[in-house]
Structures are given as structure tokens and as C-alpha cells.
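Please examine the sequence and the three-dimensional structure shown here.

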Amino acid sequence: MSTVVRLETDQLLRSVDELADLLTDTVNGGASVGFLAPLDRAAAVDWWRGRADALAEGGLAVWAAYTRGRIIGTVSLAFPDKPNSSHRAEVVKLMVHREGRGKGLGRSLLATAERAAAEAGVTLLNLDTETDSPAESLYRSAGWTRAGVIPDYARTPDGVLRPTTIFYKYVVAAEVSEPAASR
Ligand SMILES: CC(C)(COP(=O)(O)OP(=O)(O)OC[C@H]1O[C@@H](n2cnc3c(N)ncnc32)[C@H](O)[C@@H]1OP(=O)(O)O)[C@@H](O)C(=O)NCCC(=O)NCCS
């Protein structure tokens, strides 16, 4: 059983080591989340520390999923600072540790972010993900709409250029279901 918690800035700063373990596991496992492999743990710690200002200023919201007291997954929402975009947010850095995958946690984290976005008055979510990845299957099955594919968008951790699929989803507070308990 996992518990999903929204992190305050001080909690994020206390959790950077565990979050860095999750990020390095994800990148070194081959997932395309913005980094090349091998991702150095110190660089991953610095990257998470670098999120603190945005979290404190309200430009970012971060959730962590705990299993037996350890962070096993995370998801974030990035809020644009443009005055014409306050109705939208981007789902970023959805990651589940390889040891915890396939048990419904990714779906639960995504639902948590969707529900929080809707409750905050956001009506439109967007994201991009490597085309044909497991994450793409998750977004499709969670009701996201595929807007299109951009070829050669980003390198995989081992350096191969791959396409990305752009997704969006309209969210309304009353219509976003409770996240399913982790199986
Ligand atoms: C994508 C990710 C978060 C899914 O987490 P998870 O906890 O394993 O996912 P769930 O168990 O909740 O599965 C939800 C759905 O994802 C899809 N999925 C999960 N693993 C899959 C796989 N290996 N192959 C194909 N589809 C898969 C399925 O549609 C699944 O639904 P189902 O169980 O009804 O078939 C996880 O694989 C991960 O961290 N990947 C690396 C990071 C990444 O790519 N993040 C997305 C960045 S945009």
C-alpha cells in the first residue's frame, strides 16, 4: 500500500536524496525524462534542490508516493507564469521506481495530479512523453487526448533521438475521480 503526499518546500529539501535515487533509477533504467545516462547521483540531488524555489513560489507542485516509508514514485505539476495561461498546467516528471512499477502507482499519481489541478481551478493539462513508451499507454488509458507527434524531439538516456507525443486533457473538479488505491 502506498501513500501519496504533496510536498512542502522543506519536505522536498529533506527528501532530495530519496528523490535523486528515484530519478537516477528512472534515467539509468532507460526512461526519457530529460537526462542522459549515466545520471550522476550528485547531479540528481542538485536538480531536485533546484526545484525548491519554484515550489516555494507556487510555480510547481510536487507529490511523492511512499511505500513502507520510502519514496517510490513522484509526479509534479508545472504552472506557467504567463498571465494568459493561468487555466493550464503541465504534468511533469511522473516516475515510479522500477521496483514499484506495474502495481497501479503511476495511474494513482497521475490521478492525484489531475484532481489537484482541477481543485486549483486548472481546466487544461498538457504533457509530452516518448512515443510508444509505457507512459504513453498510461496517458491514453487515463483519457488523455493525443495532439500529435514531434519527430526527433529528445534523446533517450543512451543518446538516441526519439519522437515525443503531445497529450492534453480537460479536467473539471467534480469529474476527476479519486485515485485508485495502489494495488
Ligand atoms: C510510466 C510509469 C510512471 C508507469 O508507472 P506504473 O506504476 O508502472 O504504472 P501503473 O501500474 O499504474 O500502470 C498504468 C498503465 O500504464 C501502462 N503501462 C504500465 N507499464 C507498462 C508497460 N511496461 N508497457 C506498456 N504499458 C504499461 C498500462 O496502460 C497500465 O495500465 P494497465 O495496468 O491497466 O494495463 C513508469 O513506467 C515509469 O516511471 N516510467 C519511467 C518514467 C517515465 O517514462 N515517466 C513518464 C514521463 S512523461
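This is a predicted model: local features need pLDDT of at least 70, side-chain atom pairs count only at pLDDT 80 or more; totals for chains, interfaces and linings use all residues.

Residues are numbered from 1 along each chain as its sequence is written.

**Annotated region**

UniProt, in an unreviewed entry, places the feature "domain: N-acetyltransferase" at residues 3-166; such annotations may be inferred rather than shown by experiment. Over residues 3-166 the chain is 35% helix and 33% strand, where helices (H or I, at least four residues) and strands (E, at least two) are DSSP runs numbered from the N terminus. The end C-alpha atoms of this stretch are 29 Å apart.

Seven strands form an open sheet in the order 1-2-3-4-5-7-6, with mixed pairing; two strands pair if DSSP finds at least two bridges between them. Strand 1 (2-6) and strand 6 are the edge strands, each pairing on one side only. From one strand to the next, the twist averages 25°.

| Pair | Residues | Bridges |
|---|---|---|
| Strand 2 and strand 3 | 60-67 and 70-78 | eight bridges |
| Strand 6 and strand 7 | 145-155 and 161-170 | seven bridges |

Ala65 stands opposite Gly73 in strand 3, and Ala154 has Arg162 in strand 7 as its bridge partner. The hairpin of strand 6 and strand 7 has five residues between the strands, and Gly159 takes a positive phi near 95° there.

**Helices on the sheet**

Helix 5 lies across strand 1, strand 2, strand 3, strand 4 and strand 5, and runs at about 35° to strand 3. Helix 6 lies across strand 4, strand 5, strand 6 and strand 7, running at about 155° to strand 5. Axes are lines fitted to C-alpha atoms, for helices over the stretch in contact, and angles run from 0 to 180 degrees between N-to-C directions; contact requires C-beta atoms, placed from the backbone, within 7 Å.

**Ligand shell**

Around the ligand there are 21 residues, of which Ala31, Arg101, Gly106, Pro134 and Leu138 come nearest; a residue is near if its C-beta atom, placed from the backbone, lies within 6 Å. Strand 4 (88-96), helix 5 (105-119), strand 5 (124-130) and helix 6 (134-141) are the elements that give two or more residues to this shell. Helix 6 gives the most, with five residues.

Notes. Two residues are in contact if their C-beta atoms, placed from the backbone, lie within 7 Å.
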